[in-house]
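Have the viewer open and follow along.

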Amino acid sequence: MTLHDRQGLELTGASPRAAELFDLGCSRFARFCGDPIEPFREALVDSPEFGMALVAKAWIYAMSTEPQATASVRRMVDDLEDMPLGPREEGHVRALKLAMTTEWTAAARALDLHGAAYPCDLIGLMAGHQVDFLTANARNLRDRIARALPAWEGVPGRSHLLGMLAFGLEEMGDYRRAEAAGMKALELDADDSWAHHAVAHVMEMQGRAAEGRDFILRRRAHWAQPENFLKVHNWWHLALCHLELGELDVALALYDEEVRGEPTTVAQNLVDASALLWRIHLLGGDTGERWDELADTWTQHADGKCYPFNDVHAAMAYIGAGRRSDATDLVKIAHEGSPDHEMNRWMRETGEPLIDGFLHFDRGEFPAAIEPLMRARQIANAFGGSHAQRDVIDWTLIEAALRGKNLAVARALVQERLALRPDSRVNLAFARRAGLRAH
């Protein structure tokens with residue numbers, strides 16, 4: 001008997017029990033809540049030749065962008081090639097082979113083709129959406145989901161697609177439609193953490209700090225569960241709201257109690273910690289010895305090879321902790337690798353000038369920090385992360401221009417920010433320091 005998942009696609013090699021476990025794992029993965037790995041592991045114990053269960057498990061490991069997890073993906077792909085696979089599984093394996101070598105752009109293209117053939121493959125869409133996020137491909141964050149959405153009429157799990165579409169629309173600057181899609185997703189499934197996070201991004205990008213704070217706190221029961229994978233990132237969003245509102249002490253308390261409130265070693269959580277602590281540092285907050293703990297934790301992930309966006313955030317922590325040589329070592333590793341490898345190119349072309357700019361800034365060499373940061377700041381569709389995450393670059397650049405007395409650059413960059421968020425308190429503070437009148 002051929003079994004199918006909740007979206008109606010065949011599950012080669014699955015027993016009825018394994019098929020149920022697969023759907024449970026997919027639901028947890030899509031909601032970012034609960035351990036998705038365990039149901040897939042149990043499904044494989046029940047049905048050792050259940051290819052899609054191992055595919056889903058491999059994608060979750062790949063999405064972590066952590067060196068040890070990436071090594072595990074290679075072993076899983078080897079195991080997949082010994083299984084009886086259908087065309088759906090074979091499409092995933094082709095993309096996973098690229099992901100396990102961190103050729104993320106090529107992996108995204110492979111998932112584009114897979115999605116055209118299997119528009120209702122939830123794991124394929126989830127993996128593709130996350131790869132688009134890793135590569136900062138704003139257009140595909142939106143369009144991958146837009147291509148598939150018409151096939152999901154009446155299909156279970158459609159709310160998850162609306163949440164992903166909301167984030168893609170936000171990254172493309174279509175804030176009205178992004179918020180509408182995100183709120184519709186939450187109406188259908190209040191526990192969809194990705195949809196919640198997409199709406200939080202909209203409010204961040206529009207400078208709606210008080211509204212964003214209230215929205216995040218009002219929905220806390222839906223995203224702050226202990227087993228929620230996005231809880232730290234949503235605490236980070238709340239801290240950004242407080243920074244925007246001039247409540248530096250509250251943001252620092254959130255860092256201590258929530259962002260680093262437990263000794264998590266997840267790379268995504270470390271990115272949030274570095275980005276928040278660096279902003280607090282830029283605003284003159286007392287970071288104390290927090291950089292030391294964070295830098296020590298980064299050591300297990302920052303290898304200069306797996307994902308440069310992570311490595312740049314590790315470099316922030318190293319610089320904050322006074323470990324400048326550890327920051328420069330990440331760049332040296334990339335130069336020692338193959339120039340044809342995508343991650344090495346990213347580090348040399350974008351990561352290196354960013355780290356160079358942060359180092360100049362840390363040494364008080366503010367005029368020297370401007371050029372490399374200016375060179376590397378336009379990294380959308382080229383380096384990873386969201387607009388909100390990458391905004392730390394412009395914060396640092398404007399601070400360098402202000403402290404380095406280059407008012408021409410400072411004013412130009414502040415005007416750019418005010419055009420998008422004229423009521424932002426952070427932007428208005430920059431404007432006052434640059435000698436600009438608020439409009």
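## The overall count

Keep in mind that this is a predicted model. Searching the whole structure turns up 17 aromatic pairs. A pair of aromatic rings is described by the distance of the centres and the angle of the planes.

## Phe-167 and Trp-194

Take Phe-167 and Trp-194: their ring centres sit 5.2 Å apart and their planes make an angle of 70°. That angle is over 60 degrees, so the pair counts as edge-to-face. The two residues are 27 residues apart and link distant parts of the chain, with Phe-167 in helix H9 (residues 158-171) and Trp-194 in helix H11 (residues 193-205).

Both Phe-167 and Trp-194 are buried. They also belong to one aromatic cluster, together with Phe-29, Phe-32, Phe-133 and Phe-229.

## Phe-309 and Phe-383

Next up are Phe-309 and Phe-383, with ring centres 6.1 Å apart and planes at 65°, so this pair is edge-to-face too. Here the partners are 74 residues apart, again linking distant parts of the chain. Phe-309 belongs to helix H18 (residues 308-320), while Phe-383 is in the loop between helix H21 (366-376) and helix H22 (387-403).

How buried are they? Phe-309 has a relative accessible area of 6%, and Phe-383 has one of 1%. Buried means under 20%, so Phe-309 qualifies, and so does Phe-383.

## A charge over a ring

Finally, which residue lies over the face of Trp-395? That would be Arg-279, at 5.5 Å from the ring centre.

Definitions and conventions
Residues are numbered from 1 along each chain as its sequence is written. This is a predicted model: local features need pLDDT of at least 70, side-chain atom pairs count only at pLDDT 80 or more; totals for chains, interfaces and linings use all residues. Side-chain values use heavy atoms; hydrogens and water are left out. Rings of Phe, Tyr and Trp (its six-membered ring) pair if their centres lie within 6.5 Å; planes under 30 degrees apart count as stacked, over 60 as edge-to-face and the rest as tilted. Helices (H or I, at least four residues) and strands (E, at least two) are DSSP runs, numbered from the N terminus. Buried means under 20% relative accessible area, exposed over 50%, partly exposed in between (1.4 Å probe, protein chains only). A charge sits over a ring if NZ of Lys or CZ of Arg is within 6 Å of the ring centre and within 35 degrees of the ring normal.
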